[in-house]
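Subject: Structure for your review

Dear colleague,

Please find the structure below, followed by a summary of what was found in it. I would be grateful if you could look it over.

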Amino acid sequence: MNLARLPTSTLLVRRLAAGETDARALFAQRYRDPLLAFAQIRGLPSDDLEAAVHDTLRLAAELLPQGRYDPAKGRFRDWLVGILRNRLRTTRRADAARLRRERRYAADLLLDTLPDPAPLSDAALWRKLCLRHAIRLLLNDPAWQSRTRAVFVAYVLRQRPAPEVAAAYGLTPNAVHQIKARGIARLRALMRDMR
């Protein structure tokens, strides 16, 4: 459809609020691309862009007939962008929580692979607890790029083969080994600091 033939934003919003079914498609056609660009500039990962914009358009289309947008309180575009911002915040919170869970899981996974002599001496228990803490510090280090962290977790902690990890992250197996070596060196330094 020719964009010049689209109704004005005000008319389109009124039609959508009235529940006209064809208004949804016109609404999505008008606002999808600007919302995608906004979400991308605000740093949403490309995997989540389409879902965030789709959810924003769907929610707006559901809220308009309920009278949830009030023109007296502000511009429609600000209301629509507000819905998208809320979706971005929700996505970021969920991603951060998932990342924290993955990091805890990775630290516990590595510790589960370590020999566990029974019963643990005080020194062995202390070393194990320090190692767990050092792994968490390493995985939470903001100076570490997320891809480097993911490669370290996949190769060292989850013990996936180097060629598989390299292919998954677009690296050479040698680069995977270098990431492992740097990560292990940082872990050793953290462990030395805890003595």
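Asp33 and Arg32 are joined by a salt bridge at 2.8 Å, N to O, a salt bridge being a side-chain nitrogen of Lys or Arg within 4 Å of a carboxyl oxygen of Asp or Glu. Asp33 is partly exposed at 49% relative accessibility, and Arg32 is partly exposed at 30%. Here buried means under 20% relative accessible area, exposed over 50% and partly exposed in between (1.4 Å probe, protein chains only).

This is a predicted model, in which local features need pLDDT of at least 70 and side-chain atom pairs count only at pLDDT 80 or more, while totals for chains, interfaces and linings use all residues. Residues are numbered from 1 along each chain as its sequence is written, and side-chain values use heavy atoms, with hydrogens and water left out.

The salt bridge count comes to six. One of them pairs Asp141 with Arg186 at 2.0 Å, N to O. Asp141 lies in the loop between α5 (122-139) and α6, and Arg186 in helix α8 (residues 173-193), so this pair ties together parts that are 45 residues apart in sequence. Helices are DSSP runs (H or I, at least four residues), numbered from the N terminus. Arg186 is partly exposed, at 27% relative accessible area. Salt bridges with shared partners also join Arg32, Asp33 and Glu50 into one network.

Helix α6 (residues 146-157) is mostly covered, with nine of its twelve residues buried, among them Phe152 and Tyr155. Just after α6, Gln159 takes a positive phi of about 60°.

Kind regards

Note on methods:
Helix = DSSP H or I, 4+ residues; strand = E, 2+ residues; numbered from the N terminus.
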